[in-house]
Amino acid sequence: MKLVVLYPQPTDSDQFESDYAEHVLFLHDKLGIPLDVKPYVVTKFLPSPAGLPPFYQMFTMPFASMEELSAALASAELQAVAADANRISSGGAPHILIGEE
């Protein structure tokens, strides 16, 4: 199972980058992840010949099962991280998806 967060194009990409760097530290702190461990992937989307894509960045984090993901989503810690993600997403609320490989 994967948690996927899609961030819309920000109104100010430099500010988003600064805020996102702090957000990642907050994520590590709230979830108890050591700073040298990166159990997630961040993908930045680039312009194509058609122009800017609707999303600026994607965050994906795997979970062993739907139960583990559901428990994480219900936790106060991940709720705080989600609220912070909303705060830094100046282009609109991030889109939260759950995927399965």
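This is a predicted model: local features need pLDDT of at least 70, side-chain atom pairs count only at pLDDT 80 or more; totals for chains, interfaces and linings use all residues.
Ser75 itself sits in the loop between α2 and α3, and it counts as buried because its relative accessibility is 19%; buried means under 20% relative accessible area, exposed over 50%, and partly exposed in between, with a 1.4 Å probe and protein chains only.

Residues are numbered from 1 along each chain as its sequence is written, and side-chain values use heavy atoms, with hydrogens and water left out.

Now to the sheet. Four strands form an open, antiparallel sheet in the order β2-β3-β1-β4, where strands are DSSP runs of E with at least two residues, helices are runs of H or I with at least four, both numbered from the N terminus, and two strands pair if DSSP finds at least two bridges between them. Because β2 (41–44) and β4 (95–99) stand at the edges with a single partner strand each, one side of each has no neighbour in the sheet. Strand β1, residues 2–8, pairs with β4 over five bridges, and Leu6 has His95 as its bridge partner in β4.

Next comes helix α1. At its start, a side-chain oxygen of Asp12 comes to within 3.1 Å of the backbone nitrogen of Asp14, and just after the helix Gly32 takes a positive phi of about 65°. Which residues of α1 are buried? They are Phe16, Asp19, Tyr20, His23, Val24, Leu27 and His28, and they pack against β1, β2, β3 (55–62) and α3 (76–88).

Finally, the core. In the largest nonpolar core, which has 19 residues, Tyr7, Tyr20 and Phe59 touch the most other members; such a core is a set of buried Ala, Val, Leu, Ile, Met, Phe, Trp, Tyr and Cys residues joined through side-chain atoms within 4.5 Å. At least two residues of this core come from each of β1, α1, β3, α2 (66–74) and α3.

Definitions and conventions. Contact means heavy atoms within 4.5 Å. A polar contact is a pair of N or O atoms within 3.5 Å; within protein, one must be able to donate a hydrogen and the other to accept it, and residues adjacent in sequence count only if both atoms are side-chain atoms.
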